[in-house]
Amino acid sequence: MSTVIENVVCTFCGNLCDDLAVEVEGQQVVKLRKVCSNGVGLFKEYDPTPLPPAIDGEKVTWEEAIAEVVRILDGSDSPLIYGLASTASEAQRKAVALADRLGATIDTTSSLCHGPSGLAMQAVGEPTCTLGEVRNRADLVIFWGCNPAESHMRHFSRYSVTAKGTLTPAGKRDRTVIVVDVRPTASARVADRFLQVAPGKDYEVLTALRALIRGKPVAPGSVGGLPVSQLQELAGQMKACRFGVIHIGMGLTQTGGRDVNVGEVFTLVAELNQYTRFSVIPMRGHGNVTGADQVMAWQTGYPFAVSFNRGYPRYGPGEFTTVDLLARGEVDAALIIASDPAAHLPRVAARRLEQIPVIVLDPFPTLTAETARVVLPTACYGLDAAGTAYRMDSVPLRLRPVLSRQRPTDEELLDRIIEAVQPC
Amino acid sequence: LSVEFTLITGRTRAQGDALHRGRTSEAYRRATRLVEMNGEDMSDLGVEEGDLVSISTLAGQVAVPARKGDLPRGMLFMPMGPAANLLVGDETRGTGMPSYKGQTVKVEAV
């Protein structure tokens with residue numbers, strides 16, 4: 001006999017859609033409603049059956065596996081703890097505690113997505129709002145360097161385009177949607193207007209927009225591939241709207257300029273508040289990558305790239321970030337939690353993970369686990385484990401499991417490891 | 001003939017769907033091992049849909065099938081994944097972030 005559980009949170013992406021209806025029969029999800037294809041993949045592909053841990057691919061007991069983890073971490077001079085984007089904040093907190101105890105470096109997948117947005121936030125501040133405000137108030141929505149049609153599929157219907165809110169009762173008819181990108185993405189097709197910026201020229205376009213909004217002259221012609229007349233029109237729309245929001249993506253953070261691009265967006269948005277209400281929300285990718293930033297910041301003072309190797313937290317983007325550490329060969333053991341760096345890192349950095357002992361905690365098989373020394377198959381928060389995750393607008397949501405848990409959680413395993421390792 | 005292009009990597013729906021079948025699956029390999037190009041650029045290089053093209057940077061080289069995409073001339077798009085990551089260097093300019101987007105790459109028909 002099946003049971004339908006309403007208002008379930010999907011942890012696949014930073015949308016954290018919390019309206020799913022999940023039909024469960026025994027230990028299997030059989031049907032889902034109000035879900036995108038990524039949500040279907042997450043809920044239907046996860047098998048909660050307990051799996052034994054493995055050392056070098058050989059099944060072992062949990063005691064043997066934990067003993068090997070402790071041996072590796074105690075023997076390491078420069079351990080790295082990395083990932084954390086797809087685990088719960090309770091486990092993220094334990095990971096920071098373990099880094100503190102080991103004198104390790106701890107970094108999250110933020111360093112490969114919106115780390116530069118964090119740097120910009122520290123430099124100029126972040127004028128932001130919640131997705132509820134976007135849904136209920138925004139009449140001008142700009143997507144800059146992001147493609148939610150393929151990465152955050154229900155963002156349009158739940159928050160930003162067709163969603164109907166208090167002051168946007170007609171949904172899309174009450175909003176103007178603009179997409180700015182270097183190529184006409186799937187998201188551009190739903191926009192009222194698409195502005196194609198030349199690759200690597202976002203900063204120039206943003207600076208010209210700031211000038212135009214202040215009423216300063218900009219030489220006729222084009223900036224960053226866009227006619228100044230188009231930018232003038234956009235500046236006018238931004239000043240005239242009732243409530244505007246810019247959603248920014250990795251088109252700004254992963255290209256030349258990085259944090260400087262995002263800083264220019266934050267400054268532009270702050271200045272627009274002299275004329276109207278305007279906000280910015282980074283489109284965060286993994287389900288709880290925002291939580292990783294939050295937990296790191298309130299535990300260490302910094303959102304990512306933190307080293308405890310001197311006994312206190314030190315911040316070092318470019319120094320303690322994962323790609324830099326691995327590429328320079330400065331890590332001699334790695335604990336990877338709920339992430340797959342072998343799939344995401346530049347190969348020149350990922351290669352290092354094949355040369356050092358790696359420990360993987362993950363509910364799913366990963367490329368990183370294929371060459372890891374120790375693999376610990378864990379429960380999946382939001383499916384068979386309870387926990388907390390932060391939506392992309394930093395609103396924390398409680399994850400209620402829909403399946404019975406038979407596997408250990410990241411939090412439980414990290415607790416066992418913390419108790420067993422030698423303090424540095 | 002070797003021509004310079006600007007490479008953009010990013011998420012695709014197919015890559016997302018294949019992800020759930022496992023990153024070790026054939027579906028994931030197929031979804032991430034391709035390059036999209038402007039149709040006129042393909043003609044200039046003498047490349048047809050599905051032909052292999054070699055893409056190289058200082059970091060590495062990869063040969064992947066080409067597919068016509070809605071892209072401006074001079075731009076390539078590859079889904080994020082192990083194939084694209086062979087081309088991305090480790091320079092992060094003090095931020096921790098490599099150049100996943102906007103790298104100059106060399107392309108030639110195989």
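Thr168(A) is buried, with a relative accessibility of 0%, where buried denotes under 20% relative accessible area, exposed over 50%, and partly exposed the range in between (1.4 Å probe, protein chains only). The structure is a predicted model, in which local features need pLDDT of at least 70 and side-chain atom pairs count only at pLDDT 80 or more, whereas totals for chains, interfaces and linings use all residues. Residues are numbered from 1 along each chain as its sequence is written, chains are lettered from A and ligands numbered from 1 in the order in which they are written, and side-chain values use heavy atoms, with hydrogens and water left out.

Thr168(A) is placed in the loop between H7 and E9 of chain A, the helices (H or I, at least four residues) and strands (E, at least two) being DSSP runs numbered from the N terminus. A polar atom of the Thr168(A) side chain lies 2.9 Å from the backbone nitrogen of Gly165(A). When neighbours within four places in sequence are left aside, the residues in contact with Thr168(A) include Arg135(A), Asn136(A), Asp174(A) and Arg242(A), contact meaning heavy atoms within 4.5 Å.

Over all chains, a search of the whole structure returns 29 salt bridges, each defined as a side-chain nitrogen of Lys or Arg within 4 Å of a carboxyl oxygen of Asp or Glu. One of them joins the side chains of Asp56(A) and Arg373(A), with an N to O distance of 2.0 Å. Because Asp56(A) lies in the loop between strand E4 (54-55) and strand E5 (58-59) and Arg373(A) in the loop between helix H16 (367-370) and strand E19 (374-377) of chain A, this pair ties together parts that are 317 residues apart in sequence. Asp56(A) is partly exposed at 48% relative accessibility, and Arg373(A) is likewise partly exposed, at 24%.

A further salt bridge is formed by Asp192(A) and Lys172(A), whose closest N and O atoms are 3.6 Å apart; Asp192(A) belongs to the loop between strand E9 (176-181) and strand E10 (193-196), and Lys172(A) to the loop between helix H7 (155-160) and E9, 20 residues apart. Asp192(A) is partly exposed at 46%, as is Lys172(A) at 30%.

Glu264(A) and Arg210(A) also meet through their side chains in a salt bridge (3.1 Å, N to O), which links helix H11 (residues 259-272) with helix H8 (residues 202-213) across 54 residues. Here Glu264(A) is buried at 7% relative accessibility, and Arg210(A) is buried at 18%. Elsewhere, salt bridges with shared partners connect Asp18(A), Asp19(A), Arg154(A) and Arg158(A) in one network.

Technical notes. Polar contact = N/O pair within 3.5 Å; in protein donor to acceptor, adjacent residues only side chain to side chain.
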